[in-house]
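Have the structure open while you read.

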Amino acid sequence: MVTRIDIGVFAHNEASNIGALIDTLGRQNLLHDPDFHVRLHILANGCSDATCALAHAALARLDVGADGQVHDLQLGGKSRTWNRFVHDFSRDDADLLVFCDADIALPDQGTVRGLINLLQTDPIRHATVSRAIKDIAYRPDASLGPFDRLIAGAAGTLDDWQHSICGQLYTMRSRVARGFYLPVGLPVEDGFARAMILTSGLSEGEVLHRIWGEPQFFHVYASERSVVALIRHQVRIVIGSAINTVLFDVLTRDTERPATDILREVRDDPEWLVRTLQSELPRSYGYVPWGFATKRLRRFGLRNEFKHNIILLLGFGFDCLVYVNAQWRMFRGVGAGFW
């Protein structure tokens, strides 16, 4: 029986990357396997460059048994676009969905097929995730400065990536994805999606086995190369996580309606998130829980390696800087917004 797979490629002003990404997807062995029927959805959202035109040209070059469609969406925002892909654009009979950012690289031609196999071989799994590797760690060279080497060396000191969702590349069963919506305007959508998957729509405790990844299935992304850019990126991540903390509390507080029903009702309301945050914040901790600054320290000493522990301590100092910046931005009311 043929398995139907819809791949959503999220692209916001990605004219410099969209052609290469589509060409790379065309070389994935999944698209050459008659046991699968793949449809590519290029989700060009809020673009003001040539992303759509270049996507059409790249799709025309594909010489594989896959359909392709470019969706030129006037309204941007990844969470809004995620909802459109899952609930409006993907085929009703699609078995599995793949979520892919337009600015990553896939050096191995078996990556997407590997993620699909992980999903199909275990019925308890709801999603599989690709391991994210920084370009400066994947292709180190002599031009890397001390700051670059510190960033590369810090990889893997914090997150449990195998039970997390990396929004750059992951797969999900279509029935699971269609069971929930993302609030419009989320700064970081992958943490919210992770919680919805692990808790069956915030209706039960986390079941970690529902998300899994294997190290051999990976993608490469462009690392931030300046202190300012890295701080800005991490502030966005912390703000997104702090916002998720509030939303999970609000969505589980209503005992009359399931969280999934509430999210369905507000799926097209761009002001719901802002109204909710204004009514819930600040709290006793301010806007961002202190744990976001100290979570890296909880790994200190777990590995008896001097270099590893030094990196953790440096990371803690960096986390404190990010924490203060995130608190300040949320206090000023600029924490929520589109990517």
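## How the two helices cross

Where H1 passes H2, the crossing is right-handed. This is a predicted model, so to speak a computed picture of the fold.

Two packed helices are described by the angle between their axes and the distance between the axes. For H1 and H2, the angle is about 25° and the axes lie 8 Å apart. With angles under 35 degrees counting as roughly parallel, that makes H1 roughly parallel to H2.

## Who meets whom

On the H1 side, the contact is made by Ile-18, Gly-19, Ile-22 and Asp-23. H2 brings Thr-51, Leu-54, Ala-55, Ala-58, Leu-59 and Arg-61 to meet them. Sorted by class, this contact has six nonpolar, two polar and two charged residues.

Which strands make up the open sheet, and in what order? There are seven, arranged S3-S2-S1-S4-S8-S6-S9, with mixed pairing. Strand S3 (66-73) and strand S9 (211-212) each have a single partner strand, so they stand at the edges with one side left without a neighbour in the sheet.

S2 (residues 36-45) and S3 run parallel and are joined by eight bridges. In one of these pairings, Leu-43 has His-71 in S3 as its bridge partner.

## Helices on the sheet

H2 (residues 51-61) packs on the sheet and touches S1, S2 and S3. Its direction makes about 175° with that of S3.

H1 (residues 18-27), for its part, lies across S1 (3-11), S2 and S4 (96-101). H1 runs at about 165° to S1.

Methods. Residues numbered from 1 in each chain as written. Predicted model: local features only at pLDDT ≥ 70, side-chain atom pairs only at ≥ 80, totals over all residues. Heavy atoms only, no water. Pairing = 2+ DSSP bridges. Helix = DSSP H or I, 4+ residues; strand = E, 2+ residues; numbered from the N terminus. Contact = heavy atoms within 4.5 Å. Axes fitted to C-alpha atoms, helices over the stretch in contact; angles between N-to-C directions. Parallel < 35°, antiparallel > 145°, perpendicular 65-115°, else oblique. Left-handed = near helix turned anticlockwise from the far one by under 90°. Nonpolar A, V, L, I, M, F, W, Y, C, P; charged D, E, K, R; others polar.
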